[in-house]
Amino acid sequence: MDTQPTAATAGTIDVGGDLTVNRLGFGAMRITGRGIWGDPPSRDQAIATLRRVVELGVTFIDTADSYGPSVSEELIAEALHPYPDDLVIATKGGLVRPGPNRWDGDGRPEHLREACEGSLRRLRLDQIPLYQLHAPDPKVPLAESVGAIAELKDEGKIRHVGVSNVSEAQLRAAQRIVPIVSVQNRYNVNDRRSQPLVDLCEQEDMVFLPWAPLQESDGKAAVAVAAERRGISEHQVVLAWLLASSPAMLPIPGTGSPEHAADNVAAAAVELSRQEMEAISEGG
């Protein structure tokens with residue numbers, strides 16, 4: 001008998017009020033090559049990973065046109081199209097890739113339109129369920145970038161709009177232009193600078209997507225103790241901590257391995273004690 005927990009064990013969350021997904025998603029950045037550049041070492045393994053996460057009940061996949069670039073979106077369509085009815089694919093535009101591990105901003109309205117239409121083609125979608133501004137571009141007024149995405153939404157090419165790598169002031173500025181349903185910022189046990197935005201998402205029924213959710217957890221004593229006590233991986237402990245830290249949280253751990261994907265999804269069944277939560281939060 002298969003005792004592998006599924007993402008459904010984490011419960012559900014509503015994106016934009018009308019897209020209900022299981023509250024443990026998948027980030028599709030790591031299915032590309034080294035430096036998030038080019039094809040993965042094994043295309044077959046990348047496709048197997050995507051199919052495995054869907055088998056494990058993941059109904060929310062986050063990607064971006066810059067992952068590869070283009071590679072992640074193309075692999076998602078190759079592996080999963082025609083998509084299950086309950087699968088929500090989120091993508092992003094606003095960063096360009098001149099080379100491995102390089103990320104340059106491009107928030108010009110004409111670029112965002114081109115990026116969105118490219119994502120629609122690669123993902124084989126008529127409408128992107130959640131489209132996120134990947135990062136504000138300091139060279140372009142935020143109102144122009146968000147305004148371009150709002151126009152794409154009005155045209156029916158985007159269902160819901162999210163923002164990524166923003167401050168509270170930038171979020172508020174974006175909200176004055178178009179309804180914002182999600183925020184995707186860096187957040188993990190060792191980097192909680194975006195805690196005020198997590199709290200805002202909770203208060204205003206937005207979804208918070210923590211990127212780099214597993215980074216910098218190694219060597220955290222409380223994480224190691226909880227993992228050893230329960231006989232599970234430290235990554236599972238960290239994901240369980242994220243899930244329990246706020247009902248607005250939708251973790252999107254990524255990997256290029258079906259086995260690691262299953263290990264991450266198993267975190268949905270881990271319930272940390274109050275003492276464990278406090279110890280991890282306090283850095284003990």
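Trainee: Which strand do 5 bridges join to β10?
Mentor: Strand β11, residues 207–211; β10 and β11 run parallel. Two strands pair if DSSP finds at least two bridges between them. Strands (E, at least two residues) and helices (H or I, at least four) are DSSP runs, numbered from the N terminus. S182 has V207 in β11 as its bridge partner.

Trainee: Through which helix does the chain cross from β10 to β11?
Mentor: Through α6, residues 195–203, in a right-handed β-α-β crossover. Right-handed means that, with the strands pointing away from the viewer, the path from the first strand over the helix to the second runs clockwise.

Trainee: What are the ground rules here?
Mentor: This is a predicted model: local features need pLDDT of at least 70, side-chain atom pairs count only at pLDDT 80 or more, and totals for chains, interfaces and linings use all residues. Residues are numbered from 1 along each chain as its sequence is written, and side-chain values use heavy atoms, leaving out hydrogens and water.

Trainee: Why is β10 largely enclosed by the rest of the structure?
Mentor: Because 7 of the 7 residues in β10 (180–186) are buried. Buried means under 20% relative accessible area, exposed over 50%, partly exposed in between (1.4 Å probe, protein chains only).

Trainee: Where is there a positive phi?
Mentor: Most residues other than glycine have a negative phi. S70 has phi near 75 degrees, in the loop between β4 and α2. S70 counts as buried, at 19% relative accessibility.

Trainee: Which residues does a cis peptide bond join?
Mentor: Most peptide bonds are trans. G68 and P69 are joined by a cis bond, omega about -15 degrees. H81 and P82 are also joined by one, omega about 0 degrees.
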